[in-house]
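Hi everyone, thanks for coming along. Let's take a look at this one together, and please have the picture open while I talk.

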Amino acid sequence: MASYNLSNHHTGPFTLLGIPGLEEYHVWISIPFCFIYSVAIVGNSILLYLIAMERSLHAPMFFFLSMLALTDLVLSTTCVPKTLSIFWFGPQKISFPGCLTQLFFLHYSFVLDSAILLAMAFDRYVAICSPLRYTTILTPKAIVKIAVGISFRSFCVFVPCVFLVNRLPFCRTHVIAHTYCEHIGVARLACADISINIWYGFCVPIMTVIIDVMLIAVSYTLILHAVFRLPSRDARQKALGTCGSHVCVILMFYIPAFFSILAHRFGRNVPLTFHIMFANLYVIIPPALNPIVYGVKTKQIRDKVILLLLPKGSQ
């Protein structure tokens with residue numbers, strides 16, 4: 001197999017163009033993007049602060065929620081600042097190592113988000129189906145093992161893609177018609193066969209996420225079965241209420257994710273402008289909405305947020 005020298009083929013930085021066809025509207029598009037990104041930063045930061053400082057939130061459910069908030073911060077911060085600089089100042093250059101770093105954290109955060117949602121579904125399953133064993137199953141040691149396990153799995157799933165891109169020679173254009181570096185978009189600029197990039201980059205992460213979705217579906221099937229066997233209506237409503245915010249976040253994450261991936265892979269007639277706009281919305285809207293959903297639907301967090309923003313002395 002031929003090997004390529006990094007210095008010979010990665011001769012210069014890449015240029016990120018932004019959203020093709022909408023260049024004249026970049027400044028206007030940046031206004032909602034900047035606002036939503038600010039909401040994501042503030043919302044997730046408040047969530048992390050409350051979970052860290054409030055002893056009543058030191059529970060497995062909120063530990064996984066803090067992981068989700070941290071991962072959402074990484075996901076949005078990996079892409080949005082560079083995107084805003086393109087909207088404000090025109091096409092921006094990014095070094096090849098910088099591009100590899102960006103695409104790694106982008107895709108790693110996506111796979112890790114999926115794994116965290118699976119861990120949260122398992123937490124809800126144990127809490128509702130085996131409440132008396134909850135503290136013995138989800139011990140601090142077990143939670144740390146789950147956190148390390150899903151983080152390591154996500155790393156192992158995507159780190160090969162970095163090496164698959166790094167081996168490619170880029171002897172043609174270094175111009176990327178996008179606002180950030182993503183695996184297949186960068187690989188398609190190479191002057192070499194990228195079949196392995198396409199198949200690994202599409203099949204392995206997608207199969208990993210599909211397995212997560214199937215396990216989440218099994219968890220919630222068992223949860224619903226247990227809930228509808230509860231004797232009282234109030235008990236059923238309380239049990240379903242504890243899952244409501246998680247279900248909303250699951251739907252916000254997976255529905256647009258699968259739509260974007262399938263449209264990117266099979267939607268040959270979908271305009272490039274739509275692909276890129278949707279991809280940008282996906283890395284910014286779920287991170288902004290997740291803390292809002294949990295803040296509204298989770299009573300413990302809602303009460304702490306109100307107390308933080310409106311101290312007793314000012315009420």
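Let's start with the second largest pocket, which has a volume of about 400 Å³. A pocket here is found on a 1 Å grid over the protein atoms alone: it is an open set of points where a 1.4 Å probe fits, with protein on both sides within 12 Å along at least five of seven lines, and its lining residues have an atom within 4 Å of a point. Grid points are joined across faces, edges and corners, and the volume is the space filled by probe spheres set on the points.

Before going on, this is a predicted model, where local features need pLDDT of at least 70 and side-chain atom pairs count only at pLDDT 80 or more, while totals for chains, interfaces and linings use all residues. Residues are numbered from 1 along each chain as its sequence is written, and side-chain values use heavy atoms, with hydrogens and water left out.

Of its 19 lining residues, Arg124, Lys238, Gly241, Thr242 and Gln300 are the closest to the centre. Which helix gives the largest share of the lining? That is α9, with six residues. Helices are DSSP runs of H or I with at least four residues, strands are runs of E with at least two, and both are numbered from the N terminus. The lining divides into ten nonpolar, five polar and four charged residues; Ala, Val, Leu, Ile, Met, Phe, Trp, Tyr, Cys and Pro count as nonpolar, Asp, Glu, Lys and Arg as charged, and the others, Gly among them, as polar.

Staying in helix α9, we find phenylalanine 259. Is phenylalanine 259 buried or partly exposed? With a relative accessible area of 43%, it is partly exposed, because buried means under 20%, exposed over 50%, and partly exposed in between (1.4 Å probe, protein chains only). Beyond its neighbours within four places in sequence, phenylalanine 259 is in contact (heavy atoms within 4.5 Å) with Phe274 and Phe278.

Now compare serine 109, over in helix α4. Serine 109 counts as buried because its relative accessibility is 1%. Setting aside neighbours within four places in sequence, serine 109 is in contact with Thr71, Val74 and Leu75.

Last stop, the sheet. Three strands form an open, mixed sheet in the order β2-β1-β3, where strands pair if DSSP finds at least two bridges between them. Strands β1 and β2 run antiparallel, joined by three bridges, and threonine 15 stands opposite lysine 93 in β2.
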